[in-house]
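Here is a report on side-chain packing and charge pairing in one model. Keep the viewer open while reading.

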Amino acid sequence: MANARISDIMGLKGGVIPLGFAALVMFSCVADDLSGEYLWGRVSVEALPRMTLLRAKPFWIELVYFVTLSFLGFWVLKALKPRTDPSFRPRNLDLFFTSVSASTVSSMSTVEMEVFSNAQLIILTILMFIGGEVFTSMVGLQLWKLKLMLLTKEKVASASSDISPSSTPTNNIVFDHVELGSLASKPEFQDLNLDGESLKFNSIKFLGCVVVGYLLVIHGLGVLMVSLYLAVISSARNILKNKELNMHTFSFFTTVSTFSSCGFVPTNENMMVFSKNTGLLLILIPQVLLGNTLLPSCLRFSIWVLGKIFKKKEHLCNYLLKNTRKLGFLHLLPSLHSSLLVVTVLGFIMVQLVAFLSLEWSSDSLSGLNSYQKIIGALFQSVNSRHTGETIVDLSIISPAILVLFVVMMYLPPYTSFLPIKDDDQNPLQPQERRKTRRGKVVENLIFSQLSYLAIFIVLVCITERKQMKEDPLNFNVLNIVIEVISAYGNVGFTTGYSCKRQIHPNGDCQDKWYGFSGRWSDQGKLVLIAVMFFGRLKKFNMDGGRAWKLL
């Protein structure tokens, strides 16, 4: 039990806990170094939800977390007034859809973004921040630190009772990195390998603080650079002025959305209005990569640099870099995998960039841009197709070949690598541990693959929207539906939108709106897409599904 892995409590990509507890955890990183005492040692173990911490399934923890977060976001958004005509309020389902989209960092939209007031934009920013993968993984590390302390406490207390029934009671033992080190020197505890536990404990503690620093530094630099760009470049600043958007809110909102791989932008047109502002696009491109596909490589590099700078922490850095599989933290990969991941990510970007420029150079999608702006815009579009979903072009007018390529990119998990990786590097769990964590055979055999579930969702949407598919086939075609569903599953946010000009039987009341294609779906279709967004955010729990089905 004491050798449990981070993935056991975090569900591979990160554990989740209530926001108040998360804030306390973030403070503990700073308090550790300032006071030299372990903050959790002051917390009564009996006061914590012990059974939840040690036994709750990560899937249910995360599902409850995201559902609760979505409902809280919906209630706050509903309580706040929109920026447009006070008499107009988005429908409750659309507000809940938007809250789910922000919490699961999907950026699917059924409401124009400029409808939301400045206060509502701030709420969406908070939802994206605490729903992002880096934040939840950081919280999961701190939660794992607490769990390791409890398990070691039980281990020492059990050994103490075996040695002497009159030994120190469990409740009076306070554990931190100092206490573990002192206990390890005592003969009666030498068989417990407390030196190893102490090193592991301190390494996880250090890794948690590294992730916190990574999160804060990237966000701080991002907000600063976007703000400076808007302050210097009048064309970008005038866009916000004409739309009556607060410059500081835009900077915070866009930085958080980009780094968390959400893709929401406060403007109706997303980044299309900034297609000529190549400087802004170049500022956002690194944030897209640092917060998603290149996170493991950058995190590993950050730990290596910190080990070289701070010699006192070098042993912790070396432990983290050499024991990635033992720790089981998905965002910290072995050296070879991290290196090949960089090659894979850059390879995918280059393939998309060449294809996009080859097919769209003279098309309407890039009209009005000079050669340099086309190249930067295509690069921005290629980087965003994996998981972020910010766009500088109207996807409904680009070639079908590029749309299919984007569908493939949206489907791929963030740490996909097409280069050869050893089996033991790919999966941090050893075979015997995988057998221990395997669910019952009956349940396991009933689990479908990711593609199977996506096919089911697409069929469900085709059923709910069958009337529109018959009456408006140019807008409600299967390709557009597939793009919308895969985009929601990949938590990307790409959409082909809806155009009144493509109606076969024009409706005089039809008005073009700057929101996603799903904004024109029925309520039943929107509910299906909400389920897809939750499924996509939790897809890490079903990456090995469908093994019982054999294609011969």
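How many salt bridges does the structure hold? There are seven salt bridges; the term means a side-chain nitrogen of Lys or Arg within 4 Å of a carboxyl oxygen of Asp or Glu.

This is a predicted model: local features need pLDDT of at least 70, side-chain atom pairs count only at pLDDT 80 or more, and totals for chains, interfaces and linings use all residues. Residues are numbered from 1 along each chain as its sequence is written, and side-chain values use heavy atoms, with hydrogens and water left out.

**Charge pairs**

| Salt bridge | N to O distance |
|---|---|
| Glu114 – Lys243 | 2.7 Å |
| Glu133 – Arg537 | 2.8 Å |
| Lys243 – Glu269 | 3.0 Å |

Lys243 takes part in a salt bridge with Glu114 and in another with Glu269. Glu114 sits in the loop between α5 (92–103) and α6 (118–131), and Lys243 in the loop between α10 (234–242) and α11 (247–259), so this pair ties together parts 129 residues apart in sequence. Helices here are DSSP runs of H or I with at least four residues, numbered from the N terminus. Glu269 lies in the loop between α11 and α12 (278–290), 26 residues from Lys243.

Are these side chains buried or exposed? Lys243 and Glu269 are both buried. The terms are set by relative accessible area: buried is under 20%, exposed is over 50%, and partly exposed is in between (1.4 Å probe, protein chains only). Lys243 has 16% relative accessibility. Glu114, at 15%, also counts as buried.

Elsewhere, Arg91, Asp94, Asp523 and Lys526 are linked in a network of salt bridges.

**Nonpolar core**

Nonpolar side chains tend to be buried together in soluble globular proteins. In this model the largest nonpolar core has 128 residues. Such a core is a set of buried Ala, Val, Leu, Ile, Met, Phe, Trp, Tyr and Cys residues joined through side-chain atoms within 4.5 Å. Leu124, Leu207, Met271, Ile303 and Val485 have the most contacts inside this core. Helix α9 (residues 194–232) supplies the largest share, 13 residues. Leu207 touches Leu141, Leu299, Ile303, Leu320, Phe329 and Leu332, not counting residues up to four places away in sequence. Contact means heavy atoms within 4.5 Å.

**Helix pairs**

Helices α24 (residues 478–489) and α25 (residues 523–537) pack at about 40°, with axes 7 Å apart. Axes are lines fitted to C-alpha atoms over the stretch in contact, and angles run from 0 to 180 degrees between N-to-C directions. This pair is therefore oblique. Under 35 degrees counts as roughly parallel, over 145 as roughly antiparallel, 65 to 115 as roughly perpendicular, and the rest as oblique. Glu484, Val485, Ala488 and Tyr489 of α24 meet Leu529, Val532, Met533, Phe535 and Gly536 of α25.

The axes of α4 (residues 58–79) and α6 come within 10 Å and cross at roughly 175°. The two helices are therefore roughly antiparallel. Tyr65, Phe66, Leu69, Gly73, Val76 and Leu77 in α4 meet residues of α6 including Ile123, Leu124 and Leu127.

Thr125 also lies in α6. At 12% relative accessibility, Thr125 counts as buried. Thr125 touches Phe252, Phe253 and Val256, not counting residues up to four places away in sequence.
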